[in-house]
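This report concerns the strand pairing and the charged side-chain contacts of one protein model. The sequence and structure are shown below.

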Amino acid sequence: MSNTELLQIEPLELQFPFELKKQISCSMQLTNKSENHVAFKVKTTNPKKYCVRPNTGVVMPHSSCDVTVTMQAQKEAPPDMQCRDKFLLQSVVVNPGLSSKDITPEMFNKDSGNQVDECKLRVAYVPPPRPPSPVREGSEEGSPPRASVSEDGTVNQASDSNMMSKGFPETNEITSEVKALISKLTEEKQSIIQQNSRLQQELELLRRQGHRSTSGVPVMYAIIFGLIGILLGYLFKRT
C-alpha cells in the first residue's frame, strides 16, 4: 500500500496470471482519506497492450474507487516471464462538484504550476491458478452412502446433510422396516432351534430302541432252540 499525500493505492504491483491467447484482468483500489476531492489519471508505457477502466475519475472525500486493468491476449510469452511495462498514477486536488467529464490533461501538467502527486506501479506475471483436481473414482465423495444394521435393529446411515437434501428416504421409515425384518428373522431362528431340539430328542429315542431290539435277538434264539430241544426230547420218548 502506498501512502501518498492524496490517495492510498493498493496494490503497488499489478499481477497478471499469464496465459497465452487470453485476456487477463487485475484491479487496484484508490482510497481518499482526505477532505478534498481528488482527480486521478492512469498512464502506461504500453497503451496498446492494456485497457484501463476508468483511466480518469474523481474520488470523493473518505471514499474509494476501483480501477480495472485488462491485458490484451498475448500470442507469445516473454522468454524470462519478466514484464518491463510500467504504470503511472497521477492525482490532483480539484474543486467540489467536478465530474469525470470535466477532467482535462492540463490538470496534471506540472509546468502549469499544479501540485500533482505521482505514483509508479510495476507489472508482474504470475503462474495461473491450478485447476481443481478431479475426484478419484471410488473415493468417499463419489461413493453412495453406506448403511449398517446393529443387533438391536438400529440403522447407521453414513450420509451428510448435502446427500439428505437431494431426496434420500427418511431414516425413520428405513429403521421401522429393518426392525420388522429383524423381528421376523428372529422368530424364524427360534422356531428352527426348537425343531432341531425335537429332532435330536427323537433321534436319541430311536437309537435307544434300536439298541434294545439288537440286544434282544439272542434271547429269542435261545427260546426257539429250547422249544426245539423239548420237541425233540418228546419225540425221542415216544419212539
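The following sections describe a sheet and then a set of salt bridges in this predicted model.

## The open sheet

An open sheet is formed by 5 strands, arranged in the order S3-S10-S9-S5-S7, with mixed pairing. The edge positions belong to strand S3 (13-17) and strand S7 (56-59); each has a single partner strand, so one side of each lacks a neighbour in the sheet. On average, neighbouring strands of this sheet are turned by 25° against each other, direction ignored.

Strand S5 (residues 37-44) runs antiparallel to S7, and 4 bridges join the two. Within this pairing, Phe40 has Gly57 in S7 as its bridge partner.

The structure contains 5 salt bridges. One of them joins the side chains of Lys49 and Asp85, with an N to O distance of 3.1 Å. This pair links distant parts of the chain, 36 residues apart: Lys49 lies in the loop between S5 and strand S6 (50-53), and Asp85 in the loop between strand S8 (63-71) and strand S9 (86-94).

Both partners fall under the 20% limit for burial: Lys49 is buried at a relative accessible area of 14%, and Asp85 is buried at 11%.

Arg84 and Asp80 meet through their side chains in a salt bridge of 3.6 Å, N to O. Arg84 counts as exposed at 63% relative accessibility, whereas Asp80 is partly exposed at 40%.

A salt bridge also connects the side chains of Glu118 and Lys110 (3.4 Å, N to O). Glu118 is partly exposed, at 34% relative accessibility, and Lys110 is partly exposed, with a relative accessible area of 45%.

Notes. Residues numbered from 1 in each chain as written. Predicted model: local features only at pLDDT ≥ 70, side-chain atom pairs only at ≥ 80, totals over all residues. Heavy atoms only, no water. Pairing = 2+ DSSP bridges. Axes fitted to C-alpha atoms, helices over the stretch in contact; angles between N-to-C directions. Salt bridge = Lys/Arg side-chain N within 4 Å of Asp/Glu carboxyl O. Buried < 20%, exposed > 50% of the residue type's maximum accessible area, 1.4 Å probe, protein only.
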